[in-house]
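Reader: I have just opened this structure for the first time. Could you walk me through it with a few questions and answers?

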Amino acid sequence: MPAEDQQARPLKIHYQRGDEEFAPPVFKPRPSKRSNKCPVYVLAAVVALSAVALVFSLIVLRPNDPEFALSEVSVKSLNYTSDYPSTWLDATLAARATIGNTNFGWFEFEKSNLTVTYNGTMVGEEELDGGTVGLKGTKYMDVTVGVRSSRISDLRNLSSDMSDNVLELTSSAQLRGRVHLIKIVKRSLTSVMNCTMSIDLSNRRVQNLICT
């Protein structure tokens with residue numbers, strides 16, 4: 001071959017590619033953010049459930065003593081003599097007792113006694129029947145109490161009060177029972193009633209009825 005043809009041909013240079021140029025791209029997984037937040041979500045759920053349980057125990061499972069009072073008292077009959085020393089009193093009072101249950105469960109109460117006193121001396125007593133009061137309910141009980149002066153040893157004060165046509169009496173009772181909460185929890189409760197009243201002898205009416 002002539003020397004001119006060999007000089008005219010360009011030299012071919014072959015490059016060898018590395019394996020990296022033919023290898024498929026490798027994707028590196030990013031760290032998941034959800035896995036880091038799972039403990040936070042669990043902790044928040046536990047705190048929320050604890051708060052709900054606390055509110056439930058404070059409101060629903062916390063027993064409250066029932067409200068016990070006399071809502072009405074009237075004079076059914078009245079006979080008396082204010083002249084000393086032959087002072088005497090024979091009266092009949094018609095009263096309505098109110099039992100209010102503020103609990104989230106029904107209240108079951110036992111029999112009790114309603115007493116009427118004058119200057120610390122019991123002048124009348126009557127039994128109150130037992131029963132039940134529903135959830136957040138109210139029960140009314142009508143009772144008739146006889147008031148007699150036979151137990152009063154000092155009739156001077158009674159004679160003086162009768163001469164003023166005003167007789168101050170006090171009525172009290174103690175209510176005992178159990179409240180049933182969500183059919184599982186049973187708690188014993190006691191409620192005490194103390195009421196004061198004034199009887200206008202001239203008008204045969206009960207005034208200033210106050211219960212605590």
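**A first tour**

Reader: Is T117 buried or exposed?

Author: Welcome! Bear in mind that this is a predicted model. The cut-off for a buried residue is under 20% relative accessible area. T117 has a relative accessibility of 19%, so this residue counts as buried.

Reader: In which strand does T117 lie, and which residues is T117 in contact with, leaving aside neighbours within four places in sequence?

Author: Let's begin with the strand: T117 is part of β4. With the neighbours within four places in sequence set aside, the contacts of T117 are M122, V123, E168, L169 and T170.

Reader: Which secondary structure elements does the protein have, and how many?

Author: Starting from the N terminus, the order is α-α-α-β-β-β-β-β-β-β-α-β-β-β. The protein's secondary structure therefore comes to four helices and 10 strands.

Reader: Which residue in β2 is the bridge partner of A69?

Author: The bridges between β1 and β2 join strands that run antiparallel. For A69, the bridge partner in β2 is T98.

Reader: How many cavities of 30 Å³ or more does a search of the whole structure find, and how much space lies in the largest cavity?

Author: Rolling a probe the size of a water molecule over the atoms shows where empty space is left. Searching the whole structure turns up one cavity of 30 Å³ or more. The space in the largest cavity is about 50 Å³.

Reader: Which elements give two or more residues to the lining of the largest cavity?

Author: The lining consists of L70, V73, L93, A95, L114, V116, V145, S171 and M197. By type, these divide into eight nonpolar, one polar and no charged. The elements that give two or more residues to this lining are β1 (67–81), β2 (88–100) and β4 (112–118).

Definitions and conventions:
Residues are numbered from 1 along each chain as its sequence is written. This is a predicted model: local features need pLDDT of at least 70, side-chain atom pairs count only at pLDDT 80 or more; totals for chains, interfaces and linings use all residues. Side-chain values use heavy atoms; hydrogens and water are left out. On a 1 Å grid over the protein atoms alone, a cavity is a set of points where a 1.4 Å probe fits but cannot get out, and a pocket is an open set with protein on both sides within 12 Å along at least five of seven lines; lining residues have an atom within 4 Å of a point. Grid points are joined across faces, edges and corners, and a volume is the space filled by probe spheres set on the points. Ala, Val, Leu, Ile, Met, Phe, Trp, Tyr, Cys and Pro count as nonpolar, Asp, Glu, Lys and Arg as charged, and the others, Gly among them, as polar. Buried means under 20% relative accessible area, exposed over 50%, partly exposed in between (1.4 Å probe, protein chains only). Contact means heavy atoms within 4.5 Å. Two strands pair if DSSP finds at least two bridges between them.
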